[in-house]
Amino acid sequence: MRISIIGSGYVGLVTGMGFIKLGNEVIFVDVDERKITMINNAEPPIYEEGLEELMKEFRGKYYATKDYREAILNSDVTFIAVGTPSREDGSIDLKYVESAAKAIGEALKEKDPYHVIVVKSTVLPGTTEGVVKPLIEEHSGKKAFGDFGLAMNPEFLREGVALNDFLNPDRVVIGVQDERTKEVLEKLYEPINAPKVFTDIKTAEMIKYASNAFLATKISFANEIGNICKKLGIDSWKVFEGVGLDHRISPHFFKTGIGWGGSCFPKDTRALIRKTEELGEEPLILKAVVEVNEKQPLKLIELLKKHVPELKGKTVGVLGLAFKPDTDDVRETRAYPVIKKLLEDGARVITYDPQAMENFKGFYPDVGEKITYANSPREVLEATDVILIVTEWKEFEELDYSGKIVVDGRRVKAAEKTARIYEGVCW
Ligand SMILES: NC(=O)c1ccc[n+]([C@@H]2O[C@H](COP(=O)([O-])OP(=O)(O)OC[C@H]3O[C@@H](n4cnc5c(N)ncnc54)[C@H](O)[C@@H]3O)[C@@H](O)[C@H]2O)c1
Ligand SMILES: O=c1ccn([C@@H]2O[C@H](COP(=O)(O)OP(=O)(O)O[C@H]3O[C@H](CO)[C@@H](O)[C@H](O)[C@H]3O)[C@@H](O)[C@H]2O)c(=O)[nH]1
């Protein structure tokens, strides 16, 4: 099939390359010229395992453009994969979705054959039918489900293992209303060996939020229990090994530490909280889940002060800036509140991350420009005896932490074994 993808970021690019691997052709659309040039040179604008190889292997099966008209006229299905960030007040910001829907509408004016539009961005229930549909209809002069198809197909991939998650998902959720659109998506996803859940459109939208909210809840719950364990001298990882063996519970997303960051859990829980309040309901659990998560990274500093009570003038090494390993993404990384607090307490910070240093500096200039970036993790260990571990990159397992005071937010075994003084956040 010929597919166009609007928004060539973490989801758009991975989804597009995944569809290409399944035998399709893709036109990527973006507003960012840098991304367009890089994609056309088969260079991934983001770091994601396996993406570069795939882009090189399938050169010729895709290209990128900023021209919506060209992309729509030369494809049968269009996925919207633009960002849906938070506004100041935590509510969902739909400005990218709205501008994409308008531009798709304009381009659809000239198109006769039945074209299917699929919302892949994470959007609150009601958005596809209440915002995207009317905008496309208004700008194209055509009617949804008669002149063009419309569906909502949330994405569940995790950064770092995104290609594998896209190609081997636990399930594919497709919210549709009309039979013609359903047939197109059934065909497109046929090669993927996973249960296909067909629902109405707003149920598909809600499945995405409920999934992310539940996973975030699992981690915050584990961290709350983990904080109790720490006080009682109990290893919470052992506790959740025992808990997770109950098949009703499952062992996943119970890794205690300094909490969840990233481009999804924080903004999606916030958006769901705002929506719940708008509906006149009280999001009691969701608010607690967020509150636990906001406090958790600062536990690192509390524990550090047990061993280094005065941080003023001290150099502290921070290992890891990405919100998790195997990505260069720093959106809502726990490294930000940790480094911010260290600087407020008068410490100097030297840091290393294999992929995310440039992004961190650009994304958080208020702290990013006040810290030192090392060329290797060893350089951090040479610069100071006081180390905080924020992201569990594999290479941090290969270091010798002898003589160091390490406070670990993610459980790096090598540090646990070799450090002079070792404190785990919840173990
Ligand atoms: N990152 C993830 O792991 C993940 C996983 C599942 C779902 N999601 C959801 O997918 C959506 C995209 O997330 P992302 O992380 O890929 O975002 P991203 O910021 O990496 O990518 C979005 C892209 O859209 C482009 N864009 C913005 N406005 C545009 C427009 N009008 N026309 C064309 N391109 C435009 C941006 O330049 C950017 O390249 C969000 O709704 C997110 O919640 C993300
Ligand atoms: O047991 C765990 C698991 C994760 N985390 C943290 O949780 C955050 C999110 O991790 P992960 O879920 O692996 O990364 P994302 O790429 O943000 O993926 C989540 O968000 C995506 C965007 O919606 C969804 O598609 C995925 O299904 C969902 O897992 C990271 O900061 C992790 O360090 C923990 O602290 N403990």
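**Domains, sheets and ligand shells of the predicted model**

Strand β1 (residues 2-6) and strand β4 (residues 77-80) run parallel and are joined by four bridges. Strands here are DSSP runs of E of at least two residues, helices are runs of H or I of at least four residues, and both are numbered from the N terminus. Within this pair, I6 stands opposite I80 in β4. The structure is a predicted model, in which local features need pLDDT of at least 70 and side-chain atom pairs count only at pLDDT 80 or more, whereas totals for chains, interfaces and linings use all residues. Residues are numbered from 1 along each chain as its sequence is written, while chains are lettered from A and ligands numbered from 1 in the order in which they are written.

The protein chain is divided into domain 1 (2-199), domain 2 (209-295) and domain 3 (298-424), with bounds that come from an automatic or database domain assignment. The centres of domain 1 and domain 2, taken over C-alpha atoms, are separated by 29 Å. Ten residues of domain 1 are in contact with eleven residues of domain 2, contact being defined by C-beta atoms, placed from the backbone, that lie within 7 Å. On the side of domain 1 that touches domain 2, five residues are nonpolar, four are polar and one is charged. In this classification, Ala, Val, Leu, Ile, Met, Phe, Trp, Tyr, Cys and Pro count as nonpolar, Asp, Glu, Lys and Arg as charged, and the others, Gly among them, as polar.

Strands of a sheet pair through backbone hydrogen bonds, either parallel or antiparallel. Two strands are taken to pair if DSSP finds at least two bridges between them. Strands β1 and β4 belong to an open sheet of eight strands, whose order is β3-β2-β1-β4-β5-β6-β7-β8 and whose pairing is mixed. Axes are lines fitted to C-alpha atoms, for helices over the stretch in contact, and angles run from 0 to 180 degrees between N-to-C directions. Helix α2 (residues 33-40) lies across β2 (25-29) and β3, and runs at about 160° to β3. Helix α8 (residues 179-189) lies across β4, β5 (115-119), β6 (148-152), β7 (172-176) and β8, at about 60° to β6.

Ligand 1 is surrounded by 26 residues, of which the closest are G7, G9, V11, S121 and T122; a residue is near a molecule if its C-beta atom, placed from the backbone, lies within 6 Å of it. Helices α1 (10-21) and α5 (95-108) each supply at least two residues of this shell. By class, the shell around ligand 1 has eleven nonpolar, ten polar and five charged residues.

Around ligand 2 there are 21 residues, the closest being E159, K255, W260, G262 and C264. Both domain 1 and domain 2 give residues to the shell around ligand 2, so this ligand lies between them. Helix α9 (residues 201-232) gives the most to the shell, with three residues. Ten nonpolar, six polar and five charged residues make up the shell around ligand 2.

Two packed helices are described by the angle between their axes and the distance between the axes. The axes of helix α6 (residues 127-140) and α9 come within 8 Å and cross at roughly 115°. Helices α6 and α9 are therefore roughly perpendicular to each other, as angles of 65 to 115 degrees count as roughly perpendicular, those under 35 as roughly parallel, those over 145 as roughly antiparallel and the rest as oblique. T127, T128 and E129 in α6 meet I201, K202 and E205 in α9.

A second open sheet has six strands in the order β11-β10-β9-β12-β13-β14, with parallel pairing. Strand β13 (residues 405-408) is joined to β14 by four bridges, and V407 stands opposite E423 in β14. Helix α13 packs on the sheet, where α13 touches β12 (386-389), β13 and β14 and its direction makes about 160° with that of β13. Helix α14 lies across β9 (315-319), β10 (348-352) and β12, running at about 175° to β9. Helix α13 (residues 298-307) and helix α14 (residues 335-344) pack at an angle of about 40°, with axes 8 Å apart.

Methods: Two residues are in contact if their C-beta atoms, placed from the backbone, lie within 7 Å.
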